[in-house]
Amino acid sequence: MNDNTAPLPQSAPPSDGPATSPHFNLVDEAWIPVRYLNGDSAELGIRETLLRAGQIAEIQDASPLVVAALHRFLLAVLYRALEGPTDALQAKTWFKQGWPQEKIEAYLQRWHDRFWLFDKRYPFAQVPDFTPRNWRAWTVLAAEHNADNAKVLFDHVDVNQAGAISPAHAARWLLATQTFSVSCGKSELSHTGTAPSATAVMALPLGLSLTDTLMYQLVPQNRCVLVGDIPLWEREPESANTLRSGPERAISGYADRYTWQIRAVRLQAEADFSVTRLAFASGINPLAEQQSDPMLCYRVDEKHGRLPVIFRERGFWRDFDSLLPDASNNAPLVMTHAVVLSRAFPARFPVTVMVVGQSNDKAKIEYWRMERFTLPPALVGDRDVRADVRELLVAAEGAQTALGAACKSFARNVLSRGEREPATKDVNGFLRQMPVIDRYWSSLEPRFHEILGEYTEARDPEDIRLLWLRHVLAAMSAAWRGYAASIAGSDAWAIRALARAEVPVLRQIGRLKQEISKLEPQKEPA
């Protein structure tokens, strides 16, 4: 998804070839990878995916970015086909009775000719008159294979001899690159922008079937907004000449947001309609945010205001509370909507929530990630589960603070032989090779997943907190004692340094034990 991939060797400019005739219509052709409820896998077109969603367990692909992009694309189709939901009542009615399938079929029939992947006039999500100076390998579409900004271990694709991909693969990666491209400097047309939600954590509540999953994510939108919420296939294609001016415009609604054309692409079809190369440059840049992305969670920054939550170099479970609805309205709207529907139909509470996204350093993609979590069943009640979970995570962070202070003290004391003050870089280098903090978090993470399942309406929050504090105490004690045991055979200087360093750990252990004692059931006197 970087614009700086090396160009392919050029010969004569490629002709349109077979692409002058429409080919590979996304409504009918098999390209969306799914897993049925019975475990079988298949690829389906848009029509079959939506009309048979009740038989489908989930959308599945090796790339989490493709999975997220496909959900967003299908939601855009539904918003336009159903012209709703416009409020919670309509959403609940559909959740109970199902979508009006005749509206989906009529919409796909009406716009059928805008879903040809290869077409001279309306190639899907492409710029038909864009003939580049240099054609690029197809790998520029896929973060997994892009050598310039995201080459990964065990990826053996040579971007200069990448071979060909099928139309189905090209369609999936075309959507992913429009959803997750980040700014990477000047392109052949203009300066490249960043897709509206490219670097944020996206939340997708998942149900027992794809029908429930999409209904959770189909957040109601104001009727007036829906009318003007136009996805890319209903718009006239952008021209290469227009894109050279670096155009910007406002996002008109969820369907527009979910199909934003951040890159100008034109696929070059071979004789068999496979794709080896393509045109790739800047597209339409979004103006400053006018609305929230329904899949994003937000935080309030003192200096910059409301910002999307992003992945950090740690497990997202430590920020899990940001997914849960409360009065702050900073949780993803799809999560709030899923809870609203589940309160009306508790038996169809979301099975899990999947978080997807990527982390970047300017144009360089550092990593992409997908994690799944059990949702606390108590969300369907009136309890402030977000506050409860936040308190658990605060307790865990408090233990880490104590461990971190002990490790830093030990590093400084070990390195200060002869009463010299160790350099900060030496202390930091020593800390990086100490496994205490990593061991603590890795042992606590599976316990957190277990705790989420404990949050039922019948369970006392104090009992859950007691269970969690016991886990924190055990993980903290094991992490420190494990490291202390490895030092036991060292010289006297290191052992003395360890004894001085463990004061904050012992103090925190004492606090945990004190709170645990208060929460434990009191034995009645004999």
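This is a predicted model: local features need pLDDT of at least 70, side-chain atom pairs count only at pLDDT 80 or more; totals for chains, interfaces and linings use all residues.
**Strands, loops and a helix pair**

Three strands make it up, it is open, and the order reads β6-β10-β9. The pairing is antiparallel. Which strands stand at the edges? β6, residues 136-137, and β9 do. Each has a single partner strand, so one side of each has no neighbour in the sheet.

There is a helix on this sheet too. α6, residues 167-180, lies across β9 and β10. Against β9, α6 runs at about 170°.

Stay with β9 and β10 for a moment. β9 covers 263-269, β10 covers 275-282, and phenylalanine 273 lies in the loop between them. Look at its backbone. Phi of phenylalanine 273 is near 70°, which is positive, and this residue is not a glycine. Is phenylalanine 273 buried or exposed? It counts as buried, because its relative accessibility is 15%, and the cut-off for buried is under 20%.

Glycine 84 and proline 85 are joined by a cis peptide bond. Omega is about 5°. Proline 85 sits in the loop as well, with α2 spanning 64-82 and α3 spanning 88-97.

Next, β2. This strand takes in residues 32-36. Four of its five residues are buried, so call it mostly covered. A reminder on pairing in general. Strands of a sheet pair through backbone hydrogen bonds, in a parallel or an antiparallel way.

What does β2 pair with? One partner is β3, residues 41-44, antiparallel to β2 and joined to it by four bridges. Proline 33 bridges to glutamate 43 in β3. β2 and β3 form a hairpin, with four residues between the strands. Glycine 39 in that hairpin takes a positive phi, near 100°.

β2 also pairs with β4, residues 56-59. That pairing is antiparallel, over three bridges. Here arginine 35 has glutamate 58 in β4 as its bridge partner.

Last stop: two helices. In general, a packed pair is described by the angle and the distance between the axes. How do α14 and α15 compare on those terms? α14 is residues 436-454, and α15 is residues 461-487. Their axes come within 9 Å and cross at roughly 160°. That makes α14 roughly antiparallel to α15, because angles over 145 degrees count that way. The crossing is right-handed.

Who meets whom? On the α14 side, the residues include Val436, Tyr440, Leu444, Arg447, Phe448 and Ile451. On the α15 side, they include Ile464, Leu467, Trp468, His471, Val472 and Trp480. The residues of this contact divide into 14 nonpolar, three polar and four charged.

Technical notes
Residues are numbered from 1 along each chain as its sequence is written. Side-chain values use heavy atoms; hydrogens and water are left out. Axes are lines fitted to C-alpha atoms, for helices over the stretch in contact, and angles run from 0 to 180 degrees between N-to-C directions. Helices (H or I, at least four residues) and strands (E, at least two) are DSSP runs, numbered from the N terminus. Angles under 35 degrees count as roughly parallel, over 145 as roughly antiparallel, 65 to 115 as roughly perpendicular and the rest as oblique. A crossing is left-handed if the near helix is turned anticlockwise from the far one by less than a right angle, and right-handed if clockwise. Contact means heavy atoms within 4.5 Å. Ala, Val, Leu, Ile, Met, Phe, Trp, Tyr, Cys and Pro count as nonpolar, Asp, Glu, Lys and Arg as charged, and the others, Gly among them, as polar. Buried means under 20% relative accessible area, exposed over 50%, partly exposed in between (1.4 Å probe, protein chains only). Two strands pair if DSSP finds at least two bridges between them.
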